[in-house]
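Subject: Structure handover

Hello,

Here is the structure for your own work. My notes on it follow below.

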Amino acid sequence: MSNSVIIGQYVPGHSPIHRLDPRMKIAIIFIFVIVIFLANNWVSYSILTAFALLSTISTRIAPSFILKGLKPVWFLIIFTFILHLVVTKEGDVLISVLNFDIYSGAIWKGLEISLRFFLLILMTSLLTLTTTPISITDAIESLFHPLNKIRFPVHELALMMSISLRFIPTLMQETDKISKAQASRGVDFRTGPIKERIKAVVPLLVPLFVSAFKRAEELAMAMEARGYNGGEGRTKFRELKLKKADLFVLIFFILVLIGFWISRS
Amino acid sequence: MEPRHYIEFQDVSFQYPNSEDWALKGVSFHIKPNEWVAIIGHNGSGKSTIAKLMNGLLSPQQGTIHVQELPINQETIWDVRKKVGMVFQNPDNQFVGTTVIDDVAFGLENHGIPREDMQKRISYSLKAVNMEEYVNHEPHNLSGGQKQRVAIASVLAVEPELIILDEATAMLDPKGRNSIMNTVHQVRQDRDVSVVTITHDLNEVLFADRVIVMNEGNVWFEGTPREVFQKHDELQAIGLDTPFVTQLSRHLNKLGISLHKEPLTHKDLMDELWTLHSTR
Ligand SMILES: Nc1ncnc2c1ncn2[C@@H]1O[C@H](COP(=O)(O)OP(=O)(O)OP(=O)(O)O)[C@@H](O)[C@H]1O
Ligand SMILES: [Mg+2]
(Lines give C-alpha, C1' and ligand atoms only; values in the text may rest on other atoms or scores of the structure.)
(Ligands and ions follow the chains in the order given, each with its own letter.)
Protein backbone atom coordinates (compact mmCIF):
# COMPACT_ATOMS: atom_id res chain seq x y z
CA MET A 1 0.00 0.00 0.00
CA SER A 2 1.36 3.42 -0.81
CA ASN A 3 1.37 5.88 2.02
CA SER A 4 2.17 8.98 0.04
CA VAL A 5 -1.29 9.34 -1.48
CA ILE A 6 -3.65 10.81 1.05
CA ILE A 7 -6.65 11.29 -1.16
CA GLY A 8 -9.15 8.93 0.41
CA GLN A 9 -7.25 8.44 3.64
CA TYR A 10 -8.83 9.29 6.95
CA VAL A 11 -6.76 10.93 9.70
CA PRO A 12 -8.42 10.46 13.11
CA GLY A 13 -8.91 13.63 15.11
CA HIS A 14 -11.31 15.83 17.03
CA SER A 15 -11.02 19.12 15.19
CA PRO A 16 -14.14 21.19 14.47
CA ILE A 17 -13.95 19.97 10.88
CA HIS A 18 -13.82 16.35 12.00
CA ARG A 19 -16.92 16.87 14.09
CA LEU A 20 -18.89 18.65 11.40
CA ASP A 21 -21.89 16.78 10.04
CA PRO A 22 -20.65 14.86 6.99
CA ARG A 23 -23.67 15.99 4.97
CA MET A 24 -22.74 19.59 5.69
CA LYS A 25 -19.18 18.95 4.58
CA ILE A 26 -20.27 17.32 1.36
CA ALA A 27 -22.77 20.07 0.59
CA ILE A 28 -20.27 22.86 1.27
CA ILE A 29 -17.56 21.22 -0.80
CA PHE A 30 -19.98 20.56 -3.62
CA ILE A 31 -21.02 24.20 -3.74
CA PHE A 32 -17.42 25.34 -3.33
CA VAL A 33 -16.31 23.28 -6.31
CA ILE A 34 -18.97 24.89 -8.50
CA VAL A 35 -18.22 28.35 -7.23
CA ILE A 36 -14.50 28.03 -8.04
CA PHE A 37 -15.42 28.15 -11.70
CA LEU A 38 -17.33 31.41 -11.23
CA ALA A 39 -14.40 33.36 -9.79
CA ASN A 40 -13.10 35.92 -12.23
CA ASN A 41 -10.84 38.41 -10.49
CA TRP A 42 -8.13 38.37 -7.87
CA VAL A 43 -10.46 39.45 -5.04
CA SER A 44 -12.88 36.60 -5.62
CA TYR A 45 -10.02 34.14 -5.89
CA SER A 46 -8.53 35.48 -2.67
CA ILE A 47 -11.80 34.99 -0.82
CA LEU A 48 -12.03 31.38 -1.94
CA THR A 49 -8.37 30.72 -1.20
CA ALA A 50 -8.74 32.25 2.25
CA PHE A 51 -11.75 30.05 2.94
CA ALA A 52 -9.89 26.96 1.80
CA LEU A 53 -6.84 27.80 3.91
CA LEU A 54 -9.00 28.54 6.94
CA SER A 55 -10.70 25.15 6.51
CA THR A 56 -7.32 23.45 6.18
CA ILE A 57 -6.00 25.04 9.36
CA SER A 58 -9.17 24.12 11.23
CA THR A 59 -8.62 20.43 10.56
CA ARG A 60 -5.55 20.60 12.86
CA ILE A 61 -3.76 18.24 10.51
CA ALA A 62 -0.18 19.33 9.81
CA PRO A 63 -0.22 21.32 6.53
CA SER A 64 3.05 19.70 5.53
CA PHE A 65 1.32 16.33 5.78
CA ILE A 66 -1.53 17.48 3.58
CA LEU A 67 0.80 19.03 1.01
CA LYS A 68 3.02 15.99 0.91
CA GLY A 69 -0.03 13.83 0.37
CA LEU A 70 -0.97 15.91 -2.66
CA LYS A 71 2.38 15.09 -4.28
CA PRO A 72 1.00 13.20 -7.26
CA VAL A 73 -1.34 16.10 -7.91
CA TRP A 74 1.42 18.73 -7.82
CA PHE A 75 2.76 17.26 -10.98
CA LEU A 76 -0.61 17.72 -12.68
CA ILE A 77 -0.90 21.28 -11.42
CA ILE A 78 2.51 22.24 -12.74
CA PHE A 79 1.84 20.42 -15.96
CA THR A 80 -1.39 22.40 -16.50
CA PHE A 81 0.49 25.62 -15.83
CA ILE A 82 3.18 24.84 -18.39
CA LEU A 83 0.58 23.73 -20.89
CA HIS A 84 -1.08 27.10 -20.62
CA LEU A 85 2.19 28.94 -21.05
CA VAL A 86 2.67 27.14 -24.31
CA VAL A 87 -0.83 27.18 -25.69
CA THR A 88 -2.35 30.51 -24.67
CA LYS A 89 -1.55 33.44 -26.91
CA GLU A 90 -3.21 36.45 -25.28
CA GLY A 91 -1.89 39.78 -24.02
CA ASP A 92 1.62 41.12 -24.59
CA VAL A 93 4.70 39.11 -25.27
CA LEU A 94 6.69 39.09 -22.04
CA ILE A 95 9.75 37.09 -22.94
CA SER A 96 10.87 35.21 -25.93
CA VAL A 97 12.89 32.07 -25.43
CA LEU A 98 14.39 30.38 -28.48
CA ASN A 99 11.82 31.80 -30.86
CA PHE A 100 9.13 30.93 -28.41
CA ASP A 101 6.91 33.71 -27.14
CA ILE A 102 5.44 33.67 -23.70
CA TYR A 103 2.45 35.96 -23.31
CA SER A 104 1.34 37.77 -20.17
CA GLY A 105 -2.17 36.39 -20.63
CA ALA A 106 -0.74 32.91 -20.57
CA ILE A 107 0.81 33.40 -17.16
CA TRP A 108 -2.40 34.81 -15.72
CA LYS A 109 -4.46 32.04 -17.31
CA GLY A 110 -2.04 29.35 -16.23
CA LEU A 111 -2.01 30.60 -12.66
CA GLU A 112 -5.77 30.80 -12.64
CA ILE A 113 -6.32 27.24 -13.84
CA SER A 114 -3.64 25.86 -11.53
CA LEU A 115 -5.16 27.67 -8.56
CA ARG A 116 -8.62 26.34 -9.38
CA PHE A 117 -7.25 22.87 -9.67
CA PHE A 118 -5.33 23.18 -6.42
CA LEU A 119 -8.34 24.49 -4.46
CA LEU A 120 -10.55 21.79 -5.86
CA ILE A 121 -8.19 18.98 -4.87
CA LEU A 122 -7.43 20.53 -1.50
CA MET A 123 -11.07 20.90 -0.49
CA THR A 124 -12.11 17.43 -1.61
CA SER A 125 -9.15 15.85 0.15
CA LEU A 126 -10.14 17.70 3.33
CA LEU A 127 -13.42 15.79 3.21
CA THR A 128 -11.78 12.38 3.10
CA LEU A 129 -9.05 13.39 5.56
CA THR A 130 -11.54 14.35 8.24
CA THR A 131 -14.45 11.99 7.58
CA THR A 132 -14.49 8.20 7.95
CA PRO A 133 -15.59 6.42 4.78
CA ILE A 134 -18.57 5.03 6.63
CA SER A 135 -19.72 8.54 7.62
CA ILE A 136 -19.42 9.58 4.00
CA THR A 137 -21.57 6.61 3.08
CA ASP A 138 -24.15 7.55 5.72
CA ALA A 139 -24.16 11.12 4.46
CA ILE A 140 -24.67 10.03 0.87
CA GLU A 141 -27.51 7.76 1.90
CA SER A 142 -29.12 10.60 3.80
CA LEU A 143 -28.58 13.22 1.08
CA PHE A 144 -29.91 10.95 -1.65
CA HIS A 145 -32.82 9.75 0.44
CA PRO A 146 -35.37 11.80 -1.54
CA LEU A 147 -34.41 9.84 -4.66
CA ASN A 148 -36.15 6.85 -3.08
CA LYS A 149 -39.37 8.36 -4.39
CA ILE A 150 -38.30 7.77 -7.96
CA ARG A 151 -37.27 4.23 -6.97
CA PHE A 152 -33.58 4.93 -7.03
CA PRO A 153 -31.99 2.19 -4.84
CA VAL A 154 -30.36 4.54 -2.34
CA HIS A 155 -30.20 2.10 0.55
CA GLU A 156 -28.80 -0.71 -1.59
CA LEU A 157 -26.14 1.58 -3.00
CA ALA A 158 -25.09 2.74 0.45
CA LEU A 159 -24.97 -0.82 1.73
CA MET A 160 -22.88 -1.80 -1.27
CA MET A 161 -20.45 1.00 -0.53
CA SER A 162 -20.15 0.11 3.13
CA ILE A 163 -19.61 -3.58 2.40
CA SER A 164 -16.93 -2.70 -0.15
CA LEU A 165 -15.26 -0.51 2.44
CA ARG A 166 -15.41 -3.30 4.96
CA PHE A 167 -13.84 -5.83 2.59
CA ILE A 168 -11.07 -3.69 1.09
CA PRO A 169 -8.57 -4.44 3.90
CA THR A 170 -9.58 -8.11 3.94
CA LEU A 171 -8.98 -8.44 0.21
CA MET A 172 -5.72 -6.50 0.52
CA GLN A 173 -4.50 -8.98 3.12
CA GLU A 174 -5.57 -11.80 0.89
CA THR A 175 -3.78 -10.33 -2.14
CA ASP A 176 -0.67 -10.09 -0.04
CA LYS A 177 -1.00 -13.70 1.07
CA ILE A 178 -1.61 -15.03 -2.44
CA SER A 179 1.22 -13.00 -3.95
CA LYS A 180 3.60 -14.37 -1.33
CA ALA A 181 2.36 -17.90 -1.98
CA GLN A 182 2.85 -17.46 -5.73
CA ALA A 183 6.22 -15.79 -5.25
CA SER A 184 7.36 -18.77 -3.24
CA ARG A 185 6.51 -20.90 -6.26
CA GLY A 186 8.73 -18.75 -8.39
CA VAL A 187 6.22 -16.32 -9.90
CA ASP A 188 7.96 -12.99 -10.34
CA PHE A 189 5.84 -9.84 -10.23
CA ARG A 190 8.57 -7.25 -9.89
CA THR A 191 11.18 -7.76 -12.56
CA GLY A 192 11.33 -8.68 -16.21
CA PRO A 193 9.65 -7.24 -19.28
CA ILE A 194 6.23 -5.66 -18.81
CA LYS A 195 4.53 -8.43 -20.79
CA GLU A 196 5.91 -11.11 -18.49
CA ARG A 197 4.90 -9.15 -15.45
CA ILE A 198 1.33 -8.78 -16.67
CA LYS A 199 1.27 -12.52 -17.27
CA ALA A 200 2.51 -13.06 -13.73
CA VAL A 201 -0.50 -11.19 -12.34
CA VAL A 202 -2.92 -13.76 -13.71
CA PRO A 203 -2.15 -16.42 -11.08
CA LEU A 204 -2.72 -13.68 -8.53
CA LEU A 205 -6.04 -12.46 -9.87
CA VAL A 206 -7.66 -15.82 -10.50
CA PRO A 207 -7.56 -17.11 -6.91
CA LEU A 208 -8.47 -13.63 -5.68
CA PHE A 209 -11.60 -13.55 -7.83
CA VAL A 210 -12.57 -17.09 -6.92
CA SER A 211 -12.32 -16.30 -3.24
CA ALA A 212 -14.12 -12.97 -3.62
CA PHE A 213 -17.08 -14.71 -5.23
CA LYS A 214 -17.12 -17.33 -2.51
CA ARG A 215 -17.05 -14.60 0.11
CA ALA A 216 -19.89 -12.78 -1.61
CA GLU A 217 -22.01 -15.90 -1.64
CA GLU A 218 -21.37 -16.71 2.01
CA LEU A 219 -21.92 -13.10 3.03
CA ALA A 220 -25.24 -13.00 1.25
CA MET A 221 -26.26 -16.16 3.09
CA ALA A 222 -25.13 -14.74 6.44
CA MET A 223 -26.98 -11.48 5.81
CA GLU A 224 -30.16 -13.32 5.00
CA ALA A 225 -29.76 -15.49 8.10
CA ARG A 226 -29.53 -12.32 10.13
CA GLY A 227 -32.85 -11.13 8.81
CA TYR A 228 -31.75 -8.83 6.00
CA ASN A 229 -34.70 -8.20 3.74
CA GLY A 230 -33.94 -5.05 1.80
CA GLY A 231 -34.26 -1.51 3.03
CA GLU A 232 -37.93 -1.64 3.91
CA GLY A 233 -38.87 -1.74 7.59
CA ARG A 234 -35.26 -1.31 8.59
CA THR A 235 -34.22 0.97 11.40
CA LYS A 236 -30.95 2.79 11.44
CA PHE A 237 -28.36 2.68 14.19
CA ARG A 238 -26.21 5.56 13.03
CA GLU A 239 -28.15 8.75 13.00
CA LEU A 240 -27.04 12.05 11.56
CA LYS A 241 -28.23 15.07 13.46
CA LEU A 242 -27.44 18.66 12.62
CA LYS A 243 -25.85 20.41 15.61
CA LYS A 244 -25.55 24.08 16.44
CA ALA A 245 -21.95 24.14 15.23
CA ASP A 246 -23.11 22.87 11.84
CA LEU A 247 -25.51 25.77 11.52
CA PHE A 248 -22.81 28.28 12.47
CA VAL A 249 -20.54 26.89 9.81
CA LEU A 250 -23.37 27.03 7.30
CA ILE A 251 -24.10 30.68 8.10
CA PHE A 252 -20.39 31.50 7.84
CA PHE A 253 -20.19 29.78 4.47
CA ILE A 254 -23.21 31.68 3.20
CA LEU A 255 -21.57 34.95 4.26
CA VAL A 256 -18.43 33.94 2.39
CA LEU A 257 -20.53 33.20 -0.68
CA ILE A 258 -22.22 36.60 -0.49
CA GLY A 259 -18.84 38.32 -0.17
CA PHE A 260 -17.60 36.31 -3.09
CA TRP A 261 -20.59 37.23 -5.24
CA ILE A 262 -20.21 40.94 -4.55
CA SER A 263 -16.49 40.87 -5.32
CA ARG A 264 -16.97 39.28 -8.70
CA SER A 265 -16.49 41.67 -11.61
CA MET B 1 -47.70 -23.48 28.06
CA GLU B 2 -44.27 -23.89 26.61
CA PRO B 3 -44.26 -26.28 23.68
CA ARG B 4 -42.54 -29.60 24.31
CA HIS B 5 -40.44 -29.29 21.19
CA TYR B 6 -38.76 -26.11 20.16
CA ILE B 7 -37.99 -27.31 16.63
CA GLU B 8 -39.44 -30.39 15.05
CA PHE B 9 -38.40 -31.98 11.76
CA GLN B 10 -40.92 -34.48 10.41
CA ASP B 11 -39.81 -36.70 7.58
CA VAL B 12 -37.88 -33.89 5.93
CA SER B 13 -36.27 -34.49 2.55
CA PHE B 14 -34.23 -31.95 0.69
CA GLN B 15 -32.53 -31.88 -2.69
CA TYR B 16 -30.35 -29.05 -3.99
CA PRO B 17 -31.74 -27.77 -7.29
CA ASN B 18 -28.59 -28.51 -9.27
CA SER B 19 -27.95 -31.93 -7.83
CA GLU B 20 -29.32 -35.41 -8.43
CA ASP B 21 -28.84 -36.85 -4.98
CA TRP B 22 -30.99 -36.04 -2.02
CA ALA B 23 -29.01 -34.18 0.63
CA LEU B 24 -31.54 -35.23 3.28
CA LYS B 25 -33.66 -38.35 3.01
CA GLY B 26 -36.65 -38.30 5.35
CA VAL B 27 -35.08 -36.82 8.46
CA SER B 28 -37.07 -36.63 11.70
CA PHE B 29 -35.85 -35.27 15.01
CA HIS B 30 -36.63 -32.52 17.47
CA ILE B 31 -34.87 -30.03 19.69
CA LYS B 32 -36.31 -29.21 23.09
CA PRO B 33 -36.40 -25.76 24.63
CA ASN B 34 -33.16 -24.96 26.43
CA GLU B 35 -31.43 -28.08 25.14
CA TRP B 36 -27.88 -28.33 23.76
CA VAL B 37 -27.74 -30.68 20.80
CA ALA B 38 -24.63 -31.58 18.82
CA ILE B 39 -24.89 -32.76 15.23
CA ILE B 40 -21.98 -34.80 13.89
CA GLY B 41 -21.45 -36.72 10.69
CA HIS B 42 -18.98 -37.12 7.85
CA ASN B 43 -18.43 -34.42 5.21
CA GLY B 44 -21.49 -34.06 3.05
CA SER B 45 -23.78 -35.97 5.39
CA GLY B 46 -26.27 -33.09 5.43
CA LYS B 47 -25.44 -31.20 8.64
CA SER B 48 -25.26 -27.73 7.13
CA THR B 49 -28.36 -28.45 5.11
CA ILE B 50 -30.23 -29.13 8.36
CA ALA B 51 -28.94 -25.88 9.82
CA LYS B 52 -30.10 -23.88 6.82
CA LEU B 53 -33.51 -25.53 6.91
CA MET B 54 -33.91 -24.56 10.56
CA ASN B 55 -34.08 -20.86 9.86
CA GLY B 56 -35.61 -20.97 6.45
CA LEU B 57 -32.54 -20.30 4.33
CA LEU B 58 -33.66 -23.42 2.48
CA SER B 59 -37.08 -24.99 2.40
CA PRO B 60 -37.68 -28.72 2.12
CA GLN B 61 -39.30 -30.45 -0.87
CA GLN B 62 -40.93 -32.98 1.43
CA GLY B 63 -41.87 -33.09 5.09
CA THR B 64 -42.52 -30.30 7.54
CA ILE B 65 -40.47 -28.22 9.92
CA HIS B 66 -42.13 -26.57 12.90
CA VAL B 67 -40.62 -23.90 15.09
CA GLN B 68 -42.58 -23.60 18.31
CA GLU B 69 -45.35 -25.57 16.63
CA LEU B 70 -45.62 -23.07 13.81
CA PRO B 71 -44.65 -24.22 10.32
CA ILE B 72 -41.95 -22.22 8.52
CA ASN B 73 -43.52 -20.42 5.58
CA GLN B 74 -43.42 -17.02 3.89
CA GLU B 75 -45.39 -15.42 6.72
CA THR B 76 -43.42 -16.81 9.62
CA ILE B 77 -39.96 -16.79 8.08
CA TRP B 78 -38.81 -13.38 9.35
CA ASP B 79 -40.01 -14.23 12.80
CA VAL B 80 -38.18 -17.53 12.66
CA ARG B 81 -34.95 -15.81 11.64
CA LYS B 82 -35.31 -13.56 14.64
CA LYS B 83 -35.71 -16.53 16.97
CA VAL B 84 -33.13 -18.79 15.35
CA GLY B 85 -29.70 -17.21 15.13
CA MET B 86 -26.89 -18.70 13.16
CA VAL B 87 -23.09 -18.50 13.32
CA PHE B 88 -21.20 -19.78 10.29
CA GLN B 89 -17.76 -21.23 9.81
CA ASN B 90 -15.81 -18.41 8.17
CA PRO B 91 -15.26 -15.53 10.61
CA ASP B 92 -14.70 -13.02 7.81
CA ASN B 93 -17.58 -13.83 5.53
CA GLN B 94 -20.29 -13.10 8.07
CA PHE B 95 -18.94 -9.82 9.36
CA VAL B 96 -21.10 -7.22 7.61
CA GLY B 97 -20.37 -4.00 9.49
CA THR B 98 -17.29 -1.81 9.11
CA THR B 99 -16.75 -1.94 12.88
CA VAL B 100 -17.76 -4.29 15.68
CA ILE B 101 -20.60 -2.08 16.85
CA ASP B 102 -21.95 -1.69 13.31
CA ASP B 103 -21.90 -5.41 12.83
CA VAL B 104 -23.94 -6.08 15.95
CA ALA B 105 -26.30 -3.30 14.93
CA PHE B 106 -26.83 -4.83 11.49
CA GLY B 107 -29.11 -7.61 12.73
CA LEU B 108 -31.02 -5.21 14.95
CA GLU B 109 -31.56 -2.83 12.05
CA ASN B 110 -32.83 -5.68 9.89
CA HIS B 111 -35.43 -6.61 12.47
CA GLY B 112 -36.54 -3.02 12.86
CA ILE B 113 -35.51 -2.69 16.51
CA PRO B 114 -35.99 0.94 17.57
CA ARG B 115 -32.82 3.01 17.91
CA GLU B 116 -33.35 3.64 21.60
CA ASP B 117 -33.13 -0.08 22.39
CA MET B 118 -30.13 -0.76 20.19
CA GLN B 119 -27.39 0.71 22.32
CA LYS B 120 -28.53 -1.22 25.37
CA ARG B 121 -28.74 -4.51 23.49
CA ILE B 122 -25.41 -3.97 21.79
CA SER B 123 -23.51 -3.30 24.98
CA TYR B 124 -25.26 -6.16 26.73
CA SER B 125 -24.41 -8.69 24.05
CA LEU B 126 -20.84 -7.51 23.54
CA LYS B 127 -20.32 -7.82 27.26
CA ALA B 128 -21.74 -11.34 27.21
CA VAL B 129 -19.01 -12.41 24.79
CA ASN B 130 -16.29 -10.32 26.45
CA MET B 131 -15.81 -8.00 23.52
CA GLU B 132 -17.00 -4.74 25.05
CA GLU B 133 -13.53 -3.22 24.75
CA TYR B 134 -13.50 -3.69 21.01
CA VAL B 135 -16.63 -1.77 20.01
CA ASN B 136 -14.90 0.46 17.50
CA HIS B 137 -12.45 -2.07 16.13
CA GLU B 138 -12.47 -2.92 12.45
CA PRO B 139 -12.71 -6.59 11.46
CA HIS B 140 -9.23 -6.80 9.95
CA ASN B 141 -7.77 -5.88 13.35
CA LEU B 142 -9.49 -8.77 15.13
CA SER B 143 -8.45 -12.41 15.44
CA GLY B 144 -10.65 -15.16 14.05
CA GLY B 145 -11.86 -16.08 17.53
CA GLN B 146 -12.74 -12.48 18.30
CA LYS B 147 -14.68 -12.18 15.06
CA GLN B 148 -16.61 -15.33 15.92
CA ARG B 149 -17.40 -13.89 19.34
CA VAL B 150 -18.72 -10.78 17.63
CA ALA B 151 -20.82 -13.05 15.41
CA ILE B 152 -22.26 -14.64 18.55
CA ALA B 153 -22.90 -11.20 20.03
CA SER B 154 -24.69 -10.18 16.84
CA VAL B 155 -26.94 -13.19 17.20
CA LEU B 156 -27.47 -12.62 20.94
CA ALA B 157 -28.47 -8.99 20.45
CA VAL B 158 -31.55 -10.11 18.56
CA GLU B 159 -32.47 -12.20 21.64
CA PRO B 160 -32.81 -15.58 19.92
CA GLU B 161 -34.31 -18.72 21.39
CA LEU B 162 -32.03 -21.04 19.44
CA ILE B 163 -28.43 -20.50 18.39
CA ILE B 164 -26.95 -22.70 15.66
CA LEU B 165 -23.17 -22.88 15.41
CA ASP B 166 -22.31 -24.47 12.07
CA GLU B 167 -18.66 -25.44 12.51
CA ALA B 168 -18.16 -22.03 14.09
CA THR B 169 -14.88 -23.12 15.65
CA ALA B 170 -13.49 -25.03 12.68
CA MET B 171 -11.21 -22.22 11.51
CA LEU B 172 -9.90 -21.34 14.96
CA ASP B 173 -6.89 -22.42 16.97
CA PRO B 174 -7.44 -24.38 20.23
CA LYS B 175 -7.46 -21.17 22.27
CA GLY B 176 -10.08 -19.62 20.01
CA ARG B 177 -12.18 -22.79 20.20
CA ASN B 178 -12.10 -22.77 23.95
CA SER B 179 -13.08 -19.14 24.14
CA ILE B 180 -16.09 -19.79 21.90
CA MET B 181 -17.22 -22.82 23.90
CA ASN B 182 -16.81 -20.91 27.17
CA THR B 183 -18.79 -18.05 25.70
CA VAL B 184 -21.64 -20.35 24.77
CA HIS B 185 -21.61 -21.84 28.27
CA GLN B 186 -21.74 -18.44 29.84
CA VAL B 187 -24.57 -17.34 27.62
CA ARG B 188 -26.58 -20.40 28.58
CA GLN B 189 -26.13 -19.61 32.24
CA ASP B 190 -27.56 -16.15 31.77
CA ARG B 191 -30.58 -16.92 29.67
CA ASP B 192 -32.83 -19.66 28.32
CA VAL B 193 -31.58 -20.60 24.92
CA SER B 194 -31.27 -23.81 22.95
CA VAL B 195 -27.99 -24.49 21.21
CA VAL B 196 -27.23 -26.64 18.19
CA THR B 197 -23.53 -27.17 17.51
CA ILE B 198 -22.47 -28.76 14.27
CA THR B 199 -18.91 -29.90 14.65
CA HIS B 200 -16.11 -32.26 13.79
CA ASP B 201 -14.46 -31.56 17.14
CA LEU B 202 -15.27 -34.45 19.43
CA ASN B 203 -14.49 -32.50 22.58
CA GLU B 204 -17.25 -30.06 21.67
CA VAL B 205 -19.68 -32.95 21.41
CA LEU B 206 -19.15 -33.73 25.09
CA PHE B 207 -20.77 -30.45 26.10
CA ALA B 208 -24.05 -31.44 24.49
CA ASP B 209 -27.08 -32.93 26.22
CA ARG B 210 -27.82 -34.98 23.15
CA VAL B 211 -26.04 -35.92 19.95
CA ILE B 212 -27.54 -36.53 16.54
CA VAL B 213 -25.31 -38.54 14.23
CA MET B 214 -25.90 -38.00 10.52
CA ASN B 215 -24.90 -40.42 7.81
CA GLU B 216 -25.58 -39.91 4.09
CA GLY B 217 -28.61 -37.73 4.61
CA ASN B 218 -30.18 -39.88 7.32
CA VAL B 219 -30.27 -39.63 11.08
CA TRP B 220 -28.07 -42.57 11.95
CA PHE B 221 -28.26 -42.40 15.73
CA GLU B 222 -29.55 -40.16 18.49
CA GLY B 223 -28.44 -40.28 22.09
CA THR B 224 -26.28 -38.86 24.84
CA PRO B 225 -22.58 -38.37 24.11
CA ARG B 226 -21.85 -41.45 26.20
CA GLU B 227 -24.27 -43.59 24.25
CA VAL B 228 -22.87 -42.36 20.97
CA PHE B 229 -19.25 -43.01 21.77
CA GLN B 230 -20.01 -46.49 23.03
CA LYS B 231 -20.71 -47.36 19.42
CA HIS B 232 -17.05 -47.00 18.68
CA ASP B 233 -16.68 -49.52 15.88
CA GLU B 234 -19.86 -48.57 14.11
CA LEU B 235 -18.90 -44.91 14.22
CA GLN B 236 -15.60 -45.72 12.59
CA ALA B 237 -17.44 -47.63 9.90
CA ILE B 238 -19.27 -44.44 8.90
CA GLY B 239 -16.10 -42.40 8.99
CA LEU B 240 -16.25 -40.88 12.45
CA ASP B 241 -13.77 -40.97 15.28
CA THR B 242 -14.25 -41.15 19.02
CA PRO B 243 -12.47 -38.95 21.57
CA PHE B 244 -9.05 -39.85 22.87
CA VAL B 245 -10.35 -40.75 26.33
CA THR B 246 -12.90 -43.25 24.97
CA GLN B 247 -10.27 -44.83 22.80
CA LEU B 248 -7.84 -45.12 25.68
CA SER B 249 -10.36 -46.74 27.96
CA ARG B 250 -11.25 -49.22 25.23
CA HIS B 251 -7.61 -50.20 24.90
CA LEU B 252 -7.33 -50.51 28.67
CA ASN B 253 -10.35 -52.76 28.54
CA LYS B 254 -8.65 -54.99 26.00
CA LEU B 255 -5.67 -55.25 28.32
CA GLY B 256 -7.96 -56.52 31.02
CA ILE B 257 -8.20 -53.29 32.97
CA SER B 258 -11.91 -52.77 32.95
CA LEU B 259 -13.15 -49.38 34.03
CA HIS B 260 -16.37 -49.05 35.93
CA LYS B 261 -18.27 -46.71 33.70
CA GLU B 262 -17.08 -45.45 30.37
CA PRO B 263 -15.26 -42.19 31.08
CA LEU B 264 -15.71 -39.34 28.59
CA THR B 265 -13.52 -36.52 29.84
CA HIS B 266 -9.96 -36.44 31.05
CA LYS B 267 -11.16 -35.81 34.56
CA ASP B 268 -13.54 -38.79 34.51
CA LEU B 269 -10.75 -41.00 33.27
CA MET B 270 -8.35 -39.76 35.90
CA ASP B 271 -10.88 -40.31 38.67
CA GLU B 272 -11.54 -43.81 37.38
CA LEU B 273 -7.85 -44.63 37.27
CA TRP B 274 -6.82 -43.43 40.67
CA THR B 275 -9.80 -45.05 42.33
CA LEU B 276 -9.35 -48.25 40.34
CA HIS B 277 -7.99 -50.34 43.19
CA SER B 278 -10.19 -49.05 45.93
CA THR B 279 -13.42 -49.67 44.01
CA ARG B 280 -12.48 -53.12 42.92
N1 LIG C 1 -25.22 -25.43 -2.80
C2 LIG C 1 -25.24 -26.75 -3.07
N3 LIG C 1 -25.57 -27.20 -4.29
C4 LIG C 1 -25.58 -28.53 -4.57
N5 LIG C 1 -25.29 -29.47 -3.69
C6 LIG C 1 -24.95 -29.11 -2.44
C7 LIG C 1 -24.90 -27.73 -2.06
N8 LIG C 1 -24.53 -27.65 -0.77
C9 LIG C 1 -24.35 -28.91 -0.37
N10 LIG C 1 -24.61 -29.80 -1.35
C11 LIG C 1 -24.56 -31.28 -1.25
O12 LIG C 1 -25.49 -31.69 -0.28
C13 LIG C 1 -24.94 -32.69 0.55
C14 LIG C 1 -25.01 -32.28 2.01
O15 LIG C 1 -24.20 -31.12 2.20
P16 LIG C 1 -24.00 -30.39 3.57
O17 LIG C 1 -23.35 -29.10 3.28
O18 LIG C 1 -25.30 -30.35 4.29
O19 LIG C 1 -22.99 -31.37 4.31
P20 LIG C 1 -22.27 -31.19 5.71
O21 LIG C 1 -22.67 -32.35 6.54
O22 LIG C 1 -22.51 -29.84 6.26
O23 LIG C 1 -20.75 -31.36 5.28
P24 LIG C 1 -19.45 -30.66 5.89
O25 LIG C 1 -19.06 -31.45 7.09
O26 LIG C 1 -18.46 -30.81 4.79
O27 LIG C 1 -19.79 -29.24 6.18
C28 LIG C 1 -23.53 -32.94 0.04
O29 LIG C 1 -23.55 -34.07 -0.77
C30 LIG C 1 -23.20 -31.72 -0.77
O31 LIG C 1 -22.37 -32.06 -1.84
MG1 LIG D 1 -21.25 -28.09 6.62
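The unreviewed UniProt entry places the feature "domain: ABC transporter" at residues 7–241 of chain B; UniProt positions are in the numbering used here, feature names are shortened, and annotations may be inferred rather than shown by experiment. That span is 37% helix and 24% strand, with its end C-alpha atoms 28 Å apart. Helices (H or I, at least four residues) and strands (E, at least two) are DSSP runs, numbered from the N terminus.

This is a predicted model, in which local features need pLDDT of at least 70 and side-chain atom pairs count only at pLDDT 80 or more, while totals for chains, interfaces and linings use all residues. Residues are numbered from 1 along each chain as its sequence is written, chains are lettered from A and ligands numbered from 1 in the order in which they are written, and side-chain values use heavy atoms, with hydrogens and water left out.

Chain B has an open sheet of 4 strands in the order β2-β1-β4-β5, with antiparallel pairing; two strands pair if DSSP finds at least two bridges between them. At the edges stand β2 (24–31) and β5 (70–71) of chain B, each with a single partner strand, so one side of each has no neighbour in the sheet. Strand β1 (residues 7–14) of chain B is joined to β2(B) by 5 bridges, and Phe29(B) in β2(B) is the residue opposite Phe9(B).

Ligand 1 has 13 residues around it, and Asn43(B), Gly44(B), Lys47(B), Ser48(B) and Thr49(B) come nearest (near: a heavy atom within 4 Å). By class, this shell has 2 nonpolar, 9 polar and 2 charged residues (Ala, Val, Leu, Ile, Met, Phe, Trp, Tyr, Cys and Pro count as nonpolar, Asp, Glu, Lys and Arg as charged, the others, Gly among them, as polar). Oxygen atoms of the ligand lie 2.9 Å from a polar side-chain atom of Asn43(B) and 2.7 Å from a side-chain N or O atom of Ser48(B). The protein covers 62% of the 630 Å² of accessible area that ligand 1 has on its own (Shrake-Rupley method, 1.4 Å probe).

In chain A, the unreviewed UniProt entry lists "transmembrane region" for several spans, including 118–140 and 245–263. Residues 118–140 of chain A are 91% helix, with end C-alpha atoms 24 Å apart; residues 245–263 of chain A are 100% helix, and the corresponding distance is 27 Å.

Strands β1 (residues 93–97) and β2 (residues 100–103) of chain A pair in the antiparallel sense over 4 bridges. In their hairpin, with 2 residues between the strands, Leu98(A) takes a positive phi near 50 degrees.

Regards

Notes: A polar contact is a pair of N or O atoms within 3.5 Å; within protein, one must be able to donate a hydrogen and the other to accept it, and residues adjacent in sequence count only if both atoms are side-chain atoms.
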